[in-house]
Each structure stands twice: as C-alpha cells, then as structure tokens.
Amino acid sequence: MDLLTHLFLPLTVAYVLRRELFGHPVTLGLTGFSVLSDFDKFLGHQGLLHSLVTIVPICLAVLAAERWYRGEWQYAPLIAGFMSSHLLLDLIDGGPVPLLYPFVEQGLGFRYPAQTVFGTGPVGMSIRGPLVDTKTAAPRAGYNTFGFLTGDGIAWLLVFVVVYVGLRRQKRSEQSVTAAADGGEET
C-alpha cells in the first residue's frame, strides 16, 4: 500500500471518530506512527515491524508510558491505532503480512480477483472468479523496491482535506450560533 493511503485513511477515520484529540494541528503529526512498520524495509528486514510479535509490545509500551506519565490514556490509543492500521491495510491490500514473524515467516494477504463481465448473464452482466482469495508468502529478504504513491493515496488525501475543512467549518458555525444565542459571548 502506498504512503499517502497509510497516512490519510487512518487519519481520516481517527479525525471523524475522535476530533476532540485534534484541537492543535500538531496532533495531526501523530499519523506518522501509521508508517512506522515500513521502517523494517529501511533496515532490510521486511517483516520485522509487520508482525504482531513486535507491534503489540510497542503499542503496549506506548499505552503504559502515557498511563504512567499522565495517569490516563489520551493520545496513546490513537498512536496504537495508527500503528495497528498499517498491518490491517497491508493485509487487505494483498500483503503478505507475516503476522507472527520471526516465529512464522509466511505472511497472509487478501486479493480480489473477481471481474465484471458485461454482455453475459441474466441481466447482461456477471461476476467471474472468487470475490476474495488469500495469498501466502514469506517476505523478501534484503532491500527491495516498493511503490510510493498511487491514485488511492491521492484520493485519501483529498477525502481527508474535505472532511477536515468541512468539520472545522461546521464547528465554527456551531460556535457562532452558540455565541449569538448567548448574547454575543462565545463559549
């Protein structure tokens, strides 16, 4: 999966579900944790950070650190969600994601080989092939070449911008209505 999809798909979901955590624009930078797993490719050990064996302890450490430091969880669940989203997105995108690496090198991924065939079937259209198929393989060792941007990533960037601007405008509008109702005092 490309860089922008890994960044903006989980960021869009998080912003819609937990907008209150994004009061300061710097918080948007936490989405960088969603590409942490790809650091294993930089190290030449593909699979090392695409594994539950490493990601779960890292997430637990982040949760424990915030709990110890703040006495509550505020941003750590968001960071853990960003890190975990990487594995899910790679799994959905065909992977293979070696979920138990280094104990099990085989990874899993989903493919969608179904094709729409026009001019056939009872309604002039039919579906050929399975809707979902699985792919298993071990990660390629060493340094490899990977795609950087795709149309999907650009689309998720645009979706986030629309959601971000739209929800910010809605909040300002609600604040204006509240201020007018309170006699000009903003709450």
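Select Met125, which sits in strand E3 (helices, H or I of at least four residues, and strands, E of at least two, are DSSP runs numbered from the N terminus). This is a predicted model, in which local features need pLDDT of at least 70 and side-chain atom pairs count only at pLDDT 80 or more, while totals for chains, interfaces and linings use all residues. Residues are numbered from 1 along each chain as its sequence is written, and side-chain values use heavy atoms, with hydrogens and water left out.

Met125 counts as partly exposed because its relative accessibility is 34% (buried is under 20% relative accessible area, exposed over 50%, partly exposed in between, with a 1.4 Å probe and protein chains only).

Now select Met1, Asp38, Lys41, Asp90 and Phe146, the closest to the centre of the largest pocket among its 24 lining residues. The space here is about 540 Å³. On a 1 Å grid over the protein atoms alone, a pocket is an open set of points where a 1.4 Å probe fits, with protein on both sides within 12 Å along at least five of seven lines; lining residues have an atom within 4 Å of a point. The lining comprises 11 nonpolar, six polar and seven charged residues.

Move to Pro10, Val13, Ala14, Gly81 and Phe82, the closest to the centre of the second largest pocket, which 16 residues line. H4 supplies the largest share of that lining, eight residues.

Finish with the salt bridges (a side-chain nitrogen of Lys or Arg within 4 Å of a carboxyl oxygen of Asp or Glu), of which there are four. Asp38 and Lys41 meet in one, at 3.1 Å from N to O. Arg111 and Asp133 form another, with their closest N and O atoms 3.3 Å apart. Arg111 is in strand E1 (residues 107-111) and Asp133 in strand E4, so this pair ties together parts that are 22 residues apart in sequence.

Methods. Grid points are joined across faces, edges and corners, and a volume is the space filled by probe spheres set on the points. Ala, Val, Leu, Ile, Met, Phe, Trp, Tyr, Cys and Pro count as nonpolar, Asp, Glu, Lys and Arg as charged, and the others, Gly among them, as polar.
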